Amino acid sequence: MIRLNPFISRGCFYNYINSIRNPVGGVILYVHNSLCSLPAAAILVFGDSTVDSGNNNYIATPFKANFPPYGIDFPNHIPTGRFSDGRLVPDFLAHYTRVKDYVPPYLDPTLTVDDLATGVCFASAASGFDPLTAQISAVIPMQKQLEYFQDYKTKLENSIGEEKTKSLISNAAFFISAGSNDFMINYFGTTFRRQTYTLSNYEQLLLQNIQEFIQTLIDKGARLIGLVGLPPLGCSPAVISLNPGSAFGPRQCNESLSQIAIDFNQKLQSQLKAMQTDQGPTILYFDFYQSLTEMLQKPSQFGFDETNTGCCGSGLIEAGFACNVGSYVCPDPSKYVFFDSIHPTEATYNYVFKKMQPVIDEIIQGQ
């Protein structure tokens, strides 16, 4: 089969899909037959540290990763600000679709018009769908990311004109990954929200904010939107280290936290489906929970040796500034699911992206 750019269509190839689940790709698609001839113009990214390619380098926050050993497997071993040893999912997506090799941070002052026109990242590590989450960490709120997106549109309009910019936005792929920090940093990490919201009510607040965020993108011209669900919240090395049973026994996930992610993801999927209209955009739900759980439960099948400690430092608690140039680093990060005690390795992100590929290829074959 000739592999084309997954977002290029020479005809109407979305019209054969209505609502399907791909058991291999871990992706649920809610697609309507109004989308035809969608050449990929750009990849535009919003969210938190799972997709931040370096915006936090340019703001006053302790949540940065622009120093070694972060980036040790990135080309030229550059610590770009990505919270990993190398590339993130949007980078793999950009390369696979031949849009560009990497998605740069929007706040990088050296970006050219060509850089902007092929896509940028607005995400900020430690952010979330609740504005309070970003406020706690002094990072860029999701609403501010939308403001940066509007600034981005204005820059393009001034450079290439309104019509070309409108076409570029309508043909762009929007990728959103956030939500974990709302639970781990905000709701369970402080008492602010728990004083006012039950867990169920807080989930509804997040779902409402997500709906408004997606609707704003649609109102601004987005037609292809991918949203990543929560990972197993109780399975990062840092959370495992705080699990009382892990102090003297086997290091195990906090199952109650992971169950919260399962429940929230189910509500999120229902909401995304309810948002559809006959002439609406394509919305893809990416099942991060399933992908990561498979790696944690069957690591040898993916080439991993270590699942419950990170590659950096002791692997138990280090992340961000605690994972630094003086930290011990494992000989081969690709054997670890996590690079620091919170964030996955490039190898993990690569496998997460590969879980998306069957659905992307299925769309190609349907044209």
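Q: Which residues line the second largest cavity?
A: The general idea comes first: rolling a probe the size of a water molecule over the atoms shows where empty space is left. In this predicted model, the second largest cavity is lined by Thr50, Val51, Val89, Phe175, Ser177, Val228, Phe288, Tyr349, Val352 and Met356. Its volume is about 80 Å³, and a search of the whole structure finds four cavities of 30 Å³ or more.

Q: What should I note about the chain as a whole?
A: The chain contains eleven helices and eight strands. Of its 367 residues, 58% are buried. The accessible surface comes to about 15,200 Å², and carbon and sulfur atoms account for 53% of it. As for contacts between residues at least 6 apart in sequence, 72% of them join residues at least 24 apart.

Q: Which residues have the most contacts inside the largest nonpolar core?
A: A nonpolar core is a set of buried nonpolar residues joined through side-chain atoms within 4.5 Å. Here the largest such core has 55 residues, and those with the most contacts inside it are Leu44, Phe46, Tyr152, Phe174, Ile176, Ile214 and Leu217. Helix α7 (residues 199–219) gives the most to this core, namely nine residues. There is also a second, separate core of 33 residues, which includes Leu93, Phe288, Phe304 and Tyr349.

Q: Which residues does isoleucine 214 touch, not counting residues up to four places away in sequence?
A: With those sequence neighbours set aside, isoleucine 214 touches Ile176, Ile225, Leu227, Leu272, Met275 and Ile283.

Q: Is helix α1 mostly covered or mostly uncovered?
A: Helix α1 (residues 89–96) is mostly covered, since seven of its eight residues are buried. The buried residues are Val89, Pro90, Asp91, Phe92, Leu93, Ala94 and Tyr96. Just after α1, arginine 98 has a positive phi of about 65 degrees.

Q: Why is asparagine 265 classed as buried?
A: A residue is called buried when its relative accessible area is under 20%. Asparagine 265 is classed as buried because its relative accessible area is 4%. This residue lies in helix α9 (residues 255–274). Leaving out residues up to four places away in sequence, asparagine 265 touches Gly229, Leu230, Tyr285 and Tyr289.

Q: Which residues does tyrosine 197 touch, not counting residues up to four places away in sequence?
A: On that basis, tyrosine 197 touches Tyr187, Tyr202 and Leu205. Tyrosine 187 and tyrosine 197 are ten residues apart along the chain, and their C-alpha atoms are separated by 9.0 Å.

Technical notes
Residues numbered from 1 in each chain as written. Predicted model: local features only at pLDDT ≥ 70, side-chain atom pairs only at ≥ 80, totals over all residues. Heavy atoms only, no water. Buried < 20%, exposed > 50% of the residue type's maximum accessible area, 1.4 Å probe, protein only. Helix = DSSP H or I, 4+ residues; strand = E, 2+ residues; numbered from the N terminus. Contact = heavy atoms within 4.5 Å. 1 Å grid on protein atoms, 1.4 Å probe; cavity = no way out; pocket = protein on both sides within 12 Å on 5 of 7 lines; lining within 4 Å. Points joined across faces, edges and corners; volume = space filled by probe spheres on them. Areas by Shrake-Rupley, 256 points an atom, 1.4 Å probe, with all protein chains shown as cover.
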